[in-house]
Structures are given as structure tokens and as C-alpha cells.
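Hi everyone, thanks for coming.

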Amino acid sequence: MATTNTIFKDILGVKGIVVETCETYTDSNKVIHLRIRVKVTANERNRCPVCGRKCKGYDAPHSRKVWRALDSGGIVTEIEAENCRIECPKHGVLTASVPWAYHGSSFTKTFERTVAWLSKEISRSAIAELMRIDWATVGRCISRVKNDLEPNPAGRLDGLVNIGIDETSYKKGHKYITVVVNHDTNTVVWVHEGHGKAVLEKLFRSMSEEQRASIQVVTGDGARWITDCTKEYLPNAERCVDAFHVVEWINEALDKVRIVAWREAQATVKDREKSHKKSLGRPRKDDTDAANLKEARQKASAIKGAMYALGKNPENLTESQKEQLEIVTAIDNKLCRGYARKEQLRLILHMKNEQEAQCALKKWLWWASHSRIPAFIELGKKIRRHFQHILNTIRLGMSNARIESTNNKIKLIIRRAYGFRNIQNMMDMVMLICSDLHILLPNRPPEQLEAA
């Protein structure tokens, strides 16, 4: 039969303690508490919370501290023990560590791991109500668990070969974080507040020469700061511009053409409205002004509503969108030519042979420079700047889809938490969910962590 000491240790999920006494009491809110008074065993006593080495005591225990544990059958459970200080030869005078809690925390490890696991599934407000803690405390628990699971974040940068770089907004007012993803493992390896060259340089400067030399491919959008950092710090790596972003560029250019065409059509409508003589009742059959006005309005309306039809791939168009596309391309020559070239560029990006793609892309650039369409002339200049980067993408078959999916996960994390006041808590949450870190819940076999 198990002793009382063993039973309480199993309930708390803690080893290295001796249970002295326990009692229940009711607080001012009529909530029942179970307080377990313990002492640390001699082997675990007077250890440094940073390096874990055995140290000499700095002074005699002068107080007792209480740590919040997981509830036991709905009863608030607490651990009470002496709180003493030690003197570490390396780290100086610190409060001695205890086997059931992280340094500087008032909660047990099992409590904080449960909070961190719940934060991956439900909102922070729900966690705060369930665990009976403050909303901001959830973020601090997340950070402590993340730091415990990954004491050396720099180890993630070892052996990187293919990486993707992108920035994503986390708050209104142009608040961004920069995210770096390992394509081979589909995990986040680095995240930092802000974006731009100055931020990305912090990553590469923190890496060793060996870590930088192992990187062979860098994918991302057409941002100049990514290209500049790749040239400066990764001279042997190949820069790839994701095909998704190239298609996005041409869709934006095509939409600019559509907007110009719609404004011209609207101007025509206004001119014909001025020249049209209004009369009561229906217009006569031989009233050419009314017919011209109706035709101009239909043209403007068709161009205005054609944004989605022009941007979608032909195989994804609905029947109504196909009809709308046929009407628009028939009434506006520039839109017709722009749509045809958009599809041509999209097919070039799906080519497998680099030489064929290079020839086709050169022809496409020649057309863009001679198209007499300002939006496509500017697009041609942009694609020419990234000519080799696009060819690298075609040859290597690389895509930024994984980092875009990671950005969607980050958006979901932020939305589920109803925002983050502390940026560090948010970045720790990103690492917990979007990396290979796994939280083992209390009283679970280690095999579950290996399976995860």
C-alpha cells in the first residue's frame, strides 16, 4: 500500500520532496484550497536555478513561499515550502531552485505546461477562467515553458539547407514580425519583431560561418532587403522568388489596367449623360443617345465587376465568370492583351525545363516593354530585376507555400488570443505551435512525446 507521502507526490507530479503536513481552508471568495507543506530532499536542496549545481547556502531560510499547482478535483491545490538563497560561484546569490517550479515562478511546472498546451487549442480568456489565473499570466507561462523546452534556440540554426523568409503583420499600424522557416522540416527556426534588412541581419550575424555555409537556397518574395542580406551573408546560396508572388505581381498590374479602363468607361458614361436629353417615359426606339448611354453603362459595369474573373485561373472560373470574362476581353483590347499575357506568364512559371523557361520569359519581357501599357512596362522592369531569381525557382522547384501557411497559422494564433500585448509572449507562442517543440501533459507516458 502506498504511503501518504507517495500519494501526494504522485498527485503533484513531483519527485525529490517530502510531504510534512497538509490542510484545507476556505478563502474570502468561499473557494476551498488544499495546501501541502513540503520540504526538498537533501539531494535536491541548495541547487542553482541557472546551472543546477549544488551550492552552499547564503543565509538561513527566512520565509516560506506558496506555489500554485493543478487543481485536485476542483479544489485549488498549493505547495508551501521554505524559500532560501544560495551562493553560486558562477551566477552569484540567487534563490535556490525547487524541483516542482521554474525559477521566478509562482506556479508548478505541470500547471504551466498545462496552460501552455491549452493556449494551443483555446483562447487566453478561456484559459484564464478555467485555470483561475490572470489573462497576462497566461503569456508568462507560455514563455517559461518555451524557454524550458528549448534552452538553446541557436541549435535550430544548425544544418539548415533550404530556408524561407517572410514578414507578417501582427497588429494594425504596420506592426510586423519576420519569420524564417526550414523548408525541409516545415518548422519555424527564427522569429523576430520588425522587418527589413536591419532585422534580418541580426539572424545572420548570430550564426556561425559553418551555419551560414550550409544554407543553399533562400526563398521569399521580391523584397530587396532579403536579396541584399543573401548576397552579403550567404554568397553561395541561391535566391528564389516564389512563383506565387510573381503571379500576384501580374494580377496587381492587370487590376491597374482594369481600373484605368473602368475610369475611362465611367468618363464616357458621364459625357453621354450630359449629351443625352432626358424625356419622360421610355426612350424611343430611334433614340441613339439613349442606346449609346445604355451601352456605355453596361460596359462600365462589366469592367467594374471583372476583378475576380480576370485574376482567377481559367480552370477555376465559374460559368458566370467565364461569360463575364468573354464580355470584358471583347470590349477592351488592353484588358484582353493583359489577361492573355498573365496566363502566358503563369504557364512559364510551371515549366520544368530552365532553358525553355528562360527563352519564354525573355520573349514575355520583350512584349511587356513594347506593350504601351504603363502597368505592364513597370512589371517588366520588376521581373527583369528578379530574372535569375525566378529561373532559380523554376529550376529548383522551390515554393514559399510553407511559409505562407505558417503566416496563416500565426494569424490564427493572434486571432484566437484576441491579440498580444507582449510581443515576446506572441513570438514564444509562435515557436511552440509552428516549430517541433512538443508539450507533454502531466501524467502522460514519454512515448506520447516521441509519437508527437
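I'll talk about a sheet, the helix on it, and then a pocket.

This is a predicted model, where local features need pLDDT of at least 70, side-chain atom pairs count only at pLDDT 80 or more, and totals for chains, interfaces and linings use all residues. Residues are numbered from 1 along each chain as its sequence is written, and side-chain values use heavy atoms, with hydrogens and water left out.

Let's start with the sheet. It is open, with four strands in the order β1-β2-β5-β4 and mixed pairing. Strands here are DSSP E runs of at least two residues, helices are H or I runs of at least four, and both are numbered from the N terminus; two strands pair if DSSP finds at least two bridges between them. At the edges sit β1 (17-26) and β4 (63-68), each pairing on one side only. β4 runs antiparallel to β5 (residues 76-83), with six bridges, and R68 stands opposite E78 in β5.

Which strands does helix α1 touch? Helix α1 (residues 4-12) packs on the sheet and touches β1, β2 (32-40) and β5, with contact meaning heavy atoms within 4.5 Å.

α1 also turns up in the largest pocket, giving five residues, the largest share of its lining. A pocket is an open set of points on a 1 Å grid over the protein atoms alone, where a 1.4 Å probe fits, with protein on both sides within 12 Å along at least five of seven lines; lining residues have an atom within 4 Å of a point. Among the 25 lining residues, G13, T110, R113, P442 and N443 are the closest to the centre of the largest pocket.

Methods: Axes fitted to C-alpha atoms, helices over the stretch in contact; angles between N-to-C directions.
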